[in-house]
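Please look at the sequence and structure shown here before reading on.

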Amino acid sequence: MKHLKERTAIFLLALSASLLLVSFVARISLSQSNSKAEGGAKVKRLLKPTGLSRDNSEANGTNSRGEAATLNGQLSSELNWMFGSKQQRGWYLYTPLIKRLINTSQDPASAKFATALSGWQAKSGLKSSGVLDEETLYTMIKTWQDARLKDRSVAVSDQLLTAPISDFYDSTRAEDLRQVERRTYAAYKQMVAAAVADQSLGLAHARGELAAGEKYLKIISAFRSPEYQERLRREAPTAGSAGLAVNSPHFTGRALDLYVGGEPVDTRDSNRALQVATPVYQWLVRNAERFGFRPYCYEPWHWEYVR
Ligand SMILES: [Zn+2]
C-alpha cells in the first residue's frame, strides 16, 4: 500500500512538472511569435531584458509602445536624414502629413501614435516597431512623392485661363503670370469655398470668396513657362533645385503655390515650422485630397492637381 502511494505521488509530481514545462514552452513561443510580429531587431533592442516577466506579452506590447513613443519624441527633432542632397534634422516639419498618412490625431510622443504607426508599417511591408526611423520616413516620403503629378509636359495655351487678380497673393501680379490650368482652377475655387465655409479657420470672406485683405490660400504662383522658370533661375542662382526645378510641375499649370503663412515660399526650417503649424495648412493636409490636390511634402505651400 505504501509502495502504491509512493508511486502515485511520483506520477503526480512528474505529471505536474511536465504540465509546467508544456505551459512554459507555450508561453515562450507565444512571446517569440509576438515579438516577431511586432518586428525584429529594433523592437528587441527597445525592450529591456526583464527575464521571466517578458512572457507577459501584453505588458510587453505596452512597454515597447511606451519606449517607441519616447524614441519618436526624440527622433522627431533629431533624426539625421537626407532629402535629395540636403541634410535634414528631425521629421517634425512633416507631423501633419504623417498623422494624416497613418490616420491618427495623436501626438508623435504618444503610445497611440506608435500604435497607429506600427499598423501603417505592417501594411507597408516594414518592421512594425512603432518607431519612426529613417527607413519608415523614406517610405513615407516615397508614398507622398508617388502621389504627385507624373506628366510634367508644358501646358498649351488652350489648357490655361487667366485667373482674376483677386485670387492672387500679390495684388500687382502681371496678367501673364496669372495663368492656371482650367480644371485645376475650378478645383481650387471649390476647395477655397469649402475652406471659407469652415468657420474654424476664420478666413475673411465675402460672398463665399476670400476677401481682398485675406492672404491665406491666395495663389502665389501657378503656371510658369520654361522661359520664365529659366529667368527665375538666372536671377536667383542660390535658390536651389527644389523651388526652381528644371522639370517643374509648374510647367503644367496644375501646380499651385498657396499662401499658408510665414514667408510665402521660404524653405528654411524655421519658416516651414511656422507654416505647418497654421490651421490653414493643417486643413489642406486633411482636405485638399478631396478636391484632387496632393502635397509636395518639402514645400508646405506647393500643391498639385492630380485628377
Ligand atoms: Zn511650387
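The model is predicted: local features need pLDDT of at least 70, side-chain atom pairs count only at pLDDT 80 or more, and totals for chains, interfaces and linings use all residues. Residues are numbered from 1 along each chain as its sequence is written.

Among the 307 residues, 29% count as buried, that is, with 20 or more other C-beta atoms (placed from the backbone) within 10 Å of their own.

An open sheet is formed by 4 strands in the order E7-E8-E10-E9, with antiparallel pairing; a pair requires at least two DSSP bridges. E7 and E9 are the edge strands, each pairing on one side only. From one strand to the next, the twist averages 45 degrees.

Helix H7 packs on this sheet and touches E8, E9 and E10, where contact means C-beta atoms, placed from the backbone, within 7 Å. The direction of H7 makes about 125 degrees with that of E10; axes are lines fitted to C-alpha atoms, for helices over the stretch in contact, and angles run from 0 to 180 degrees between N-to-C directions.

| Element | Residues |
|---|---|
| Strand E7 | 219-221 |
| Strand E8 | 255-258 |
| Strand E9 | 293-296 |
| Strand E10 | 299-305 |

E9 and E10 form a hairpin with 2 residues between them, and 4 bridges join these antiparallel strands. Pro295 stands opposite Trp303 in E10. Phe293 and Pro295 make up the covered face of E9, while Arg294 and Tyr296 lie on the uncovered one.

Conventions
Buried ≥ 20, exposed ≤ 12 C-beta atoms within 10 Å, placed from the backbone. Contact = placed C-beta atoms within 7 Å.
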